[in-house]
Amino acid sequence: MAKHIVLASALLIVAGVSVGAQAQAPASAEAPPQITVIRAGRLINPETGSAAANQIIVIEGERIREVGSNIAVPPGAKVIDLSKLTVLPGLVDAHTHQAITYKEFPENNIYYYTYIADSTPLRAIQAASNAMQLLASGFTVIRDVGNNGMYADTALRAAIEQGWIPGPTVIPSGLIIGGTGGQFFPTPEMYKLHNIVYPEYLDANTPDEIVRAVRENLLFGAKTIKICVDCKPWGYSVEEMKLFISEAAKGGAKVDGHVQTREGGQRAIDAGIHVISHGQMLSPEQHTQMAQKGIYLASTDTPFTPYRGSEQAQKRTADQLRDAWQKGVPITFSTDMDYWNERMKKANGEWMSRGDLTINFLITWKAAGVPPKDILKALTINGYKAADVYEERGPITAGRYADLIAVAGNPLEDIDALRSVQFVMKNGSVFKKDGVMTIDKLLNPGPINGWRRR
Ligand SMILES: [Zn+2]
């Protein structure tokens with residue numbers, strides 16, 4: 001009998017029911033949440049591309065309580081004076097990979113050699129560092145879409161959600177699901193004898209395997225499902241992609257397709273996929289279809305810099321981006337920023353951070369001639385929607401999480417103002433102030449937000 005009671009208690013704990021709750025202090029006896037008031041010199045609404053002067057933002061705990069110009073500061077509130085700065089929602093990179101960094105040496109930029117040399121634990125630690133570097137540059141949401149070893153991406157999300165380390169809200173995909181081989185071209189012996197494709201890719205060739213693969217990723221913490229639409233000539237059919245979409249929906253996830261051919265792009269559009277990644281071969285007519293269907297584009301627009309790319313490639317990319325913007329595609333800011341070399345330095349000789357390297361993709365957007373207000377919308381509103389967090393995060397309005405940043409100057413006039421983020425708040429906690437990280441207050445000895453948070 002006693003054994004049964006113990007078992008029943010254990011099940012209740014697993015089921016999320018607190019045993020002996022009556023013995024605990026009632027919630028009302030807990031310290032009230034911290035009230036923080038921000039005085040914003042200028043507050044941008046990227047949805048409308050407009051700005052309002054001298055706004056007050058009241059934050060209660062993790063969320064925004066009130067926004068306006070005529071609000072009295074509540075007694076006991078902590079006041080943060082950003083009256084000389086422009087405040088705006090945090091930024092979104094809609095396609096990145098935190099737990100891989102491929103290099104010129106020793107792997108000659110071939111990332112499946114990186115996967116042989118760098119273990120998942122090492123890559124997870126890289127991811128923790130990268131995520132903090134991105135947050136310091138104002139990125140409060142990132143879609144991390146695969147190539148993260150054995151689920152380093154979902155572990156990164158869990159560590160941030162539980163409160164071990166500060167970081168952006170991570171929307172991880174888990175493993176990229178593809179037909180035989182994923183994006184790799186292994187030898188028969190490496191494929192058959194050493195199973196080298198896994199865990200960088202999860203093979204799924206039949207409807208049963210597709211269902212199983214989606215469920216595995218969801219079980220291990222994926223919040224979106226990333227598939228190879230056309231990495232190989234066999235690719236996925238419209239029907240197969242519809243199966244991905246319906247199965248992912250059971251776990252609240254939407255589907256992102258890696259697209260590298262026009263035919264693959266058409267199948268993804270016809271299936272009604274949520275996000276098309278890359279899509280550099282899409283035609284103007286296909287951009288129009290995407291606009292009509294509301295399919296997000298994460299075209300990973302690599303700029304020409306001393307450390308990467310070419311003038312020709314940037315021109316092609318910018319031409320594609322301009323066409324997508326002109327056709328009204330919901331475009332996102334997306335990078336694929338997952339490599340490193342020794343030329344990634346500023347004029348003063350300091351290393352560029354992963355955040356500096358990410359925001360540097362503005363070069364391509366400016367080359368495409370997209371106006372600042374639409375770049376800002378791609379960096380925020382469209383990114384939040386592609387990440388499927390828009391109801392909770394994004395515009396600075398009452399009820400949403402307090403994820404906001406501040407810069408000098410006005411990004412609606414000069415988008416490069418975003419290159420120097422002075423202030424970052426994530427879930428109501430200050431991560432950067434006066435251009436300096438305050439990370440000492442945001443590292444914790446345990447899962448302070450709860451071990452169940454994933
Ligand atoms: Zn990628």
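## Surroundings of S173

In this predicted model, S173 is in contact with D144, V145, G146, D153, N217, A222, T224 and K226, when neighbours within four places in sequence are left aside. The residue is found in the loop between β8 (169–172) and β9 (176–178), and its side chain reaches the backbone nitrogen of G146 at 3.0 Å.

S173 is buried, with a relative accessible area of 0%.

## The zinc site

The zinc ion is coordinated by H95 through NE2, by H97 through NE2 and by D336 through OD, at 2.0 to 2.2 Å. Along the chain these donors follow the spacing H-x1-H-x238-D. Because H97 belongs to the loop between β5 (91–96) and β6 (102–103), while D336 belongs to the loop between α10 (311–326) and β15 (339–340), the pair ties together parts that are 239 residues apart in sequence. Both H97 and D336 are buried.

## Nonpolar cores

The largest nonpolar core has 88 residues, and those with the most contacts inside it are I177, I225, I227, F244, I273, I276 and L418. Helix α3, covering residues 120–136, gives the most to this core, with 7 residues. A second, separate core of 17 residues includes I38, L43, I64 and I80. In soluble globular proteins, nonpolar side chains tend to be buried together.

Which residues does I177 touch, not counting residues up to four places away in sequence? They are L202, A204, A213, V214, N217, I225, K226, I227, C228, Y236 and F244. Among these, N217 and K226 are also listed as contacts of S173.

## The eight-stranded sheet

An open sheet of 8 strands has the order β3-β2-β1-β4-β16-β17-β18-β19, with mixed pairing. Strands β3 (63–68) and β19 (436–437) stand at the edges, each with a single partner strand, so one side of each is left without a neighbour in the sheet.

Strand β1, which comprises residues 35–45, is joined to β2 by 10 bridges, and the two run antiparallel; within this pairing, L43 has A52 in β2 as its bridge partner. L43 is also one of the residues of the second core. In the hairpin formed by β1 and β2, with 4 residues between the strands, G49 takes a positive phi near 70°.

Strand β2, which comprises residues 50–60, is in turn joined to β3 by 5 bridges, again with an antiparallel course, and here I56 stands opposite G68 in β3. The hairpin of β2 and β3 has 2 residues between the strands, and in this hairpin G61 takes a positive phi near 65°.

## S353 and its loop

S353 is found in the loop between β15 and α11 (354–359), and its side chain reaches the backbone nitrogen of G355 at 3.1 Å. Is this residue buried or exposed? At 19% relative accessibility S353 counts as buried, because the limit for that class is under 20% relative accessible area. Not counting residues up to four places away in sequence, S353 touches Q133 and S137.

## The chain as a whole

The chain has 14 helices and 19 strands, and buried residues make up 53% of its 454 residues. Among contacts between residues at least 6 apart in sequence, 69% join residues at least 24 apart.

Along its principal axes the C-alpha trace spans about 70 × 70 × 45 Å. For a chain of 454 residues, a compact globule would have a radius of gyration near 22 Å, and the value of 23 Å computed for this chain agrees with that expectation.

Methods
Residues numbered from 1 in each chain as written. Predicted model: local features only at pLDDT ≥ 70, side-chain atom pairs only at ≥ 80, totals over all residues. Heavy atoms only, no water. Donors = N, O, S within 2.8 Å, 3.2 Å for Na, K, Ca; no water. Buried < 20%, exposed > 50% of the residue type's maximum accessible area, 1.4 Å probe, protein only. Contact = heavy atoms within 4.5 Å. Polar contact = N/O pair within 3.5 Å; in protein donor to acceptor, adjacent residues only side chain to side chain. Core = buried A, V, L, I, M, F, W, Y, C linked by side-chain atoms within 4.5 Å. Pairing = 2+ DSSP bridges. Rg over C-alpha atoms; globule rule 2.2 N^0.38 Å.
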